[in-house]
Amino acid sequence: MTQETIPEATPARSSIHPAVFTSRRNLLARRFIRNKPAVVALILLALLFIGCYALPPLLPYGYNDLDYEALLQPPSLKHWFGTNALGQDLLARTLRGMQKSMLIGFCVALISTSIAATVGSVAGYFGGWRDRALMWLVDLLLVVPSFLLIAIVTPRTKQSNNILWLIVLLAAFGWMVSSRMVRGLTMSLREREFIRAARYMGVSSRRIILQHIVPNVASILIIDATLNVGFAILAETGLSFLGFGVQPPDVSLGTLIADGTPSATTFPWVFLFPAGALVLTVLCANLSGDGLRDALDPGSRPSRRKKRQPK
Amino acid sequence: MTSLLQVTDLNVTFETEDVRVPAVRGTTYHIDPGEVVAIVGESGSGKSTAAMAVVGLLPEYADVSGSVRLHGEELLGLSDQAMSRIRGKTIGTVFQDPMSALTPVYTIGDQIAEAIKVHNRDIGRADARKRAVELLELVGIAQPQRRAKAFPHELSGGERQRVVIAIAIANDPDLLICDEPTTALDVTVQAQILDLLRTARDVTGAGVLIITHDLGVVSEFADRAMVMYAGRGVEIATVEGLYRDRRMPYTVGLLGSVPRLDAPQGTRLIPIPGAPPTMSSLSLGACPFAPRCPLVIDECRSAEPDLVTIRDGHWAACIRTDDVAGRSAAEIFGVSTQPPPNDAKAGEPPVVLQVTDLTKTYQLTKGVILRRRVGEVRAVDGVSFTLEQGRTLGIVGESGSGKSTTLSQILELAKPQAGSIEILGADVAALDSASRRQLRTELQVVFQDPVASLDPRLPVFDVIAEPLVANGFDRRRCEERVAELLTIVGLDHADASRYPAEFSGGQKQRIGIARALALQPKILALDEPVSALDVSIQAGIINLLLDLQAQFGLSYLFVSHDLSVVKHLAHRVAVMYRGTIVEQGDGDQVFTNPQHEYTRRLLAAVPRAHADVAGA
């Protein structure tokens, strides 16, 4: 995700240029760090990501190991998240599922938002034949029944490639609507005076798009990306539920939630822990996305957003 | 005689969660029937709020106290429903932007008829329509019967404002509130609208409250004026008295900073130093104008002065009113308005820009599949002019005259449809991309709207460094140059890491100028660079432009609709009308002895401010 790259890139840059003037990245990082909830969310997100890969080897149970002495047990010291009907440890399964889901979620969000930004800003900024060709492609992809296509392709792939194909296909069909929005915004930005000024100053088109257009549509891109994280995880869930996405015995958050749903009221832990992990992931992505948007947008201040008119 | 409207000790505070913004603080004024009262002030002075409180059109989080009496009846505290019966009936309102004041989906006739029917339930549809047509005729719309069926977008800006006025006077109001009614309009249209407002006042006998920042409009149109600063009326007087014997240093600065049509080229204006205070962090217990005041003494910082009576009907909120009387603005502010000695260089300066027979037409087409040409609009039609080094060419015209199109044709550095553009001796039609890039560094532009011309997402450093980076400056040289530029335009080094939104309009325009100067161009195209600014700020920018020209020998191509500003800056003037230059010549000559009919009309329409005391 973009929110990870920018703060990380900061220290390196600032040490190379101990400048009189603060660089733009420094400024962004400083504004982002001022936003406490976003920083906490980003750290939590990083911990979740690291945790779901680092923890499983340390656990006494694998995600597929059966414990016949503990069937459908609520959370205990032995099984922190409880067990399911087959006696499988839910913590191990949730972590395994999160590996898949977070990978899918973030990769799809990143890829599809990047495509949307590229296609939208290129079509909107240049207009003419580029615009016509790209919009033709968008319209074409919009009418292709993506679900069917994914359903046909994924079962034919090998287990190891399965996730890769899911990411590629979900990303390939997830960018069209937002690219249209980006295009519309770009077209109105193109006529703004600061873009014209940049053109008259001899700034190249590529630089204008990267320097001016993308930051100015960043609000919508970031919202789009964070929504896409949730969307991709849920899409994978849906596909897995129907048997097209992640195939058993492998698990994902989607399959776990699907398994737990029928017993959500009777054995709530089977459902609550995977669902909670999903909610936590999406929430953290949203919060850090908000933080990044506020850092990029000089007009929005966290305190001002809370302003409410007394009725 | 009781006054029509009596506003006493009006306080308006905008309350948000973390800040309290006192927009209006203890303002008192009154309007007599048939009288025109102007509220003058710069943006953020609370002038609109002070007037909108009367009609109860403030946002809900505004905390209003004091007293507003219309015909002796208290308006504050009335329910919204009760106010609705008064709004449009006894108080008519004219807003600044005539486009957004009208609903685009109804015909103007319907909108006027609706305004009538809302307050006269028993009037029939046909009668309301008939009355609407009468009103349209009254406000000077030709063929009112037919035009009543027109939609707002089919009308010109001036006609729309006429319709808005028709709606405002539809129910024969006793009070007419006009919020910057002519700001969005051309100068000739402005004169017509002011005439119309005068007619409207005579027909309805209403008192008029006009809010404006244009001191010319005040002196043309108003009987009395209240000058507002930092949410308070700081001087109230008859317009005559205000111009003859103003007593508040702020008023002096305001009047002194107005560009004048009778000043010779190069005359420096008198800017008020600093910027208006931010209302959220206003320190009480001191005169809010003290930080900018040239006459400030210690006493000014100890208490906020009350309005003192100078004479009957003239109040000023200053403790040094006696020191203001009879002194000119230049004297008080301690600056010289004299143009720098004319450095009459030997011989003709070299020509840097030559435009010959420039033409730009837009095709009008019809049909979707088979585009047929049905005609063409000649936006620019055979325009020729030259610009010499170190000189300023002013291109004057109203909206739609083609002056902006001319400018963008030159800035595009592309082959024009017809005619030729030569910049620094190079014909732009014959440029390859490398030399075009080279030429771009010699010709830079400053736009009208300082808000729109700076990328809101870039810190100031990146804004100014952009042309440098684009032309291959490394980080260190960029920093040096940006620091230098900030000094040239009078900004602080610390400002570089702030965002454009944190600056005032004048500072933003300075940033825009710094960016344009970054590559040391020879020609600067100025597209109405001061028309979006307050007059005291505008004066500072005009002075800066004059200084820069003297310092770097820049050539200015100055496009503006404001004749007085052009008069101050331009050596030569070209007057554009409908795509052609109708008159061209030396500045003084065009302004004092206009040859073309249109130039004369344009000059006559400019509202003239009275001369400053002691002749400035």
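# Report on a predicted two-chain model

Helices and strands are here runs of DSSP assignments, a helix (H or I) having at least four residues and a strand (E) at least two, and both are numbered from the N terminus. The structure is a predicted model, and its scores are ipTM 0.71 and pTM 0.77.

## Chain A

Chain A contains 14 helices and zero strands. Of the 311 residues in chain A, 43% count as buried. Among contacts in chain A with a separation of 6 or more, 65% are made by residues 24 or more positions apart.

One pair of helices in chain A can be followed in detail. Helix α12(A), residues 253-260, and helix α13(A), residues 268-296, have axes that come within 8 Å and cross at roughly 145°. The crossing of α12(A) past α13(A) is left-handed. On the side of α12(A), the contact is made by A:Leu253, A:Leu256, A:Ile257, A:Asp259 and A:Gly260. On the side of α13(A), the residues are A:Val270, A:Phe271, A:Pro274, A:Ala275, A:Ala277 and A:Leu278. Sorted by class, the residues of this contact are nine nonpolar, one polar and one charged.

## Chain B

The secondary structure of chain B comprises 21 helices and 22 strands. The radius of gyration of chain B is 26 Å, close to the 25 Å that the globule rule gives for 616 residues, so chain B is as compact as a globular protein of that length. Along the principal axes, the C-alpha atoms of chain B fill a box of roughly 75 × 70 × 50 Å. Buried residues make up 48% of the 616 residues of chain B. Residues 24 or more positions apart account for 70% of the contacts in chain B with a separation of 6 or more.

The confidence of the prediction can be described for chain B as well. The average pLDDT of chain B is 84, and 96% of the residues score at least 70. Confidence in chain B is lowest in helix α12(B), residues 329-333, with a mean of 79, and highest in strand β3(B), residues 36-40, at 91. Over residues 612-616 of chain B, pLDDT stays under 50, and the model has 13 contacts beyond four places in sequence for this stretch.

## Where the chains meet

The contact between the chains takes 33 residues from chain B and 30 residues from chain A. Four elements of chain B give two or more residues to the side that touches chain A: α14(B) (433-440), β18(B) (443-446), α15(B) (460-470) and α16(B) (475-488). The largest share, five residues, comes from α15(B). By class, this side of chain B has 15 nonpolar, six polar and 12 charged residues.

A residue counts as buried if 20 or more other C-beta atoms lie within 10 Å of its own, as exposed if 12 or fewer do, and as partly exposed in between.

| Residue | Other C-beta atoms within 10 Å | State |
|---|---|---|
| B:Ala132 | 27 | buried |
| B:Val258 | 20 | buried |
| B:Glu180 | 19 | partly exposed |
| B:Asp9 | 11 | exposed |

B:Val258 reaches the cut-off because 20 other C-beta atoms lie within 10 Å.

B:Ala132 is found in helix α4(B), residues 125-138. Leaving aside residues up to four places away in sequence, B:Ala132 touches B:Gly109, B:Ile112, B:Ala113, B:Ile116 and B:Ala148. The C-alpha atoms of B:Ala132 and B:Val380, 248 residues apart along the chain, are separated by 38 Å.

B:Val258 lies in the loop between α10(B) (249-256) and β11(B) (308-311). B:Val258 and B:Ser536 are 278 residues apart along the chain, and their C-alpha atoms are separated by 7.5 Å.

B:Asp9, in strand β1(B) (residues 5-15), has a positive phi of about 45° although it is not a glycine. B:Glu180, in the loop between β7(B) (175-179) and α7(B) (187-204), has a positive phi near 45° and is likewise a residue other than glycine.

Note on methods:
Residues are numbered from 1 along each chain as its sequence is written. Chains are lettered from A and ligands numbered from 1 in the order in which they are written. This is a predicted model: local features need pLDDT of at least 70, side-chain atom pairs count only at pLDDT 80 or more; totals for chains, interfaces and linings use all residues. Axes are lines fitted to C-alpha atoms, for helices over the stretch in contact, and angles run from 0 to 180 degrees between N-to-C directions. A crossing is left-handed if the near helix is turned anticlockwise from the far one by less than a right angle, and right-handed if clockwise. Two residues are in contact if their C-beta atoms, placed from the backbone, lie within 7 Å. Ala, Val, Leu, Ile, Met, Phe, Trp, Tyr, Cys and Pro count as nonpolar, Asp, Glu, Lys and Arg as charged, and the others, Gly among them, as polar. The radius of gyration is taken over C-alpha atoms; the globule rule is 2.2 Å times the number of residues to the power 0.38. pLDDT is the predictor's confidence in each residue, from 0 to 100.
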